[in-house]
Amino acid sequence: QVQLVDSGGGLVQAGGSLRLSCAASGIIFSINAMGWYRQAPGKQRELVATITTGGNTNYADSVKGRFTISRDNAKNTVYLQMNTLKPEDTAVYYCNAEVRTTLAGLPIHYWGKGTLVTVSS
């Protein structure tokens with residue numbers, strides 16, 4: 001059993017900053033890629049940023065240069081530093097991790113319950 005706990009959301013004004021955290025716990029053999037996704041009201045869930053075990057990252061064009069994803073493998077934790085926030089960034093942000101619970105098992109994607117980020121004008 002694996003649980004992802006994402007946190008750090010809140011209400012900020014445009015131009016402000018926020019840092020999201022997501023810690024994985026439970027039966028974990030290894031974690032491959034980790035990432036952040038978001039879903040705005042009435043919109044589909046979209047990729048925000050991902051990071052591989054080796055530290056390679058990719059970002060949605062809309063957040064490139066403003067957001068930074070990082071991870072601490074020793075803590076099974078991924079972070080998302082969000083700077084220069086815009087009202088269009090308002091969404092529920094979900095943590096995702098590709099996890100193996102056993103050596104022989106296939107990796108499975110697990111999701112956090114989401115943390116709400118609201119950016120006011």
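# A guided tour of the strands, core and rings

Begin by selecting Tyr93, which stands opposite Thr115 in strand 11. The model on the screen is a predicted one. Now extend the selection to the two whole strands: strand 9 and strand 11 pair in the antiparallel sense, over three bridges. As background, strands of a sheet pair through backbone hydrogen bonds, in either a parallel or an antiparallel manner.

Next, display the side chains of strand 11. In a regular strand, side chains alternate between the two faces of the sheet. Which residues of strand 11 form its covered face, and which its uncovered one? Thr115, Val117 and Val119 belong to the covered face, whereas Leu116, Thr118 and Ser120 belong to the uncovered face.

Now select strand 3 and strand 8, which pair in the antiparallel sense over six bridges.

**The largest nonpolar core**

Select Trp36, Leu80, Met82 and Tyr93. Of the 30 residues in the largest nonpolar core, these four touch the most other members. The elements that give two or more residues to this core include strand 1 (2-7), strand 3 (18-26), strand 4 (30-39) and strand 11 (115-120). Which strand supplies the largest share of this core? Strand 9 does, with five residues.

Remain at Met82 and show its surroundings. Leaving out residues up to four places away in sequence, Met82 touches Gly16, Ser17, Leu18, Leu20, Arg66, Phe67, Tyr93 and Val117.

**Leu85 in a loop**

Move to Leu85, in the loop between strand 8 (77-82) and strand 9 (91-100). Is Leu85 buried or exposed? Its relative accessibility is 2%, so Leu85 counts as buried. Apart from neighbours within four places in sequence, its contacts include Val12, Ala14, Arg66, Phe67 and Val119. Then select Ser120 as well: Leu85 and Ser120 are 35 residues apart in sequence, and their C-alpha atoms are 9.2 Å apart in space.

**Aromatic rings**

The structure holds one aromatic pair. To find this pair, select Tyr37 and Trp111; the ring centres are 5.0 Å apart and the planes stand at 65 degrees, so the arrangement is edge-to-face. Tyr37 lies in strand 4 and Trp111 in strand 10 (residues 108-111), so the pair ties together parts that are 74 residues apart in sequence. Trp111 itself is partly exposed, with a relative accessible area of 38%.

Select Arg19 and Tyr79: Arg19 lies over the face of Tyr79, at 4.1 Å from the ring centre. Finally, select Arg45 and Tyr94, where the charged end of Arg45 sits over the ring of Tyr94, 3.8 Å from its centre.

Definitions and conventions: Residues are numbered from 1 along each chain as its sequence is written. This is a predicted model: local features need pLDDT of at least 70, side-chain atom pairs count only at pLDDT 80 or more; totals for chains, interfaces and linings use all residues. Side-chain values use heavy atoms; hydrogens and water are left out. Helices (H or I, at least four residues) and strands (E, at least two) are DSSP runs, numbered from the N terminus. Buried means under 20% relative accessible area, exposed over 50%, partly exposed in between (1.4 Å probe, protein chains only). Contact means heavy atoms within 4.5 Å. A nonpolar core is a set of buried Ala, Val, Leu, Ile, Met, Phe, Trp, Tyr and Cys residues joined through side-chain atoms within 4.5 Å. Rings of Phe, Tyr and Trp (its six-membered ring) pair if their centres lie within 6.5 Å; planes under 30 degrees apart count as stacked, over 60 as edge-to-face and the rest as tilted. A charge sits over a ring if NZ of Lys or CZ of Arg is within 6 Å of the ring centre and within 35 degrees of the ring normal. Two strands pair if DSSP finds at least two bridges between them.
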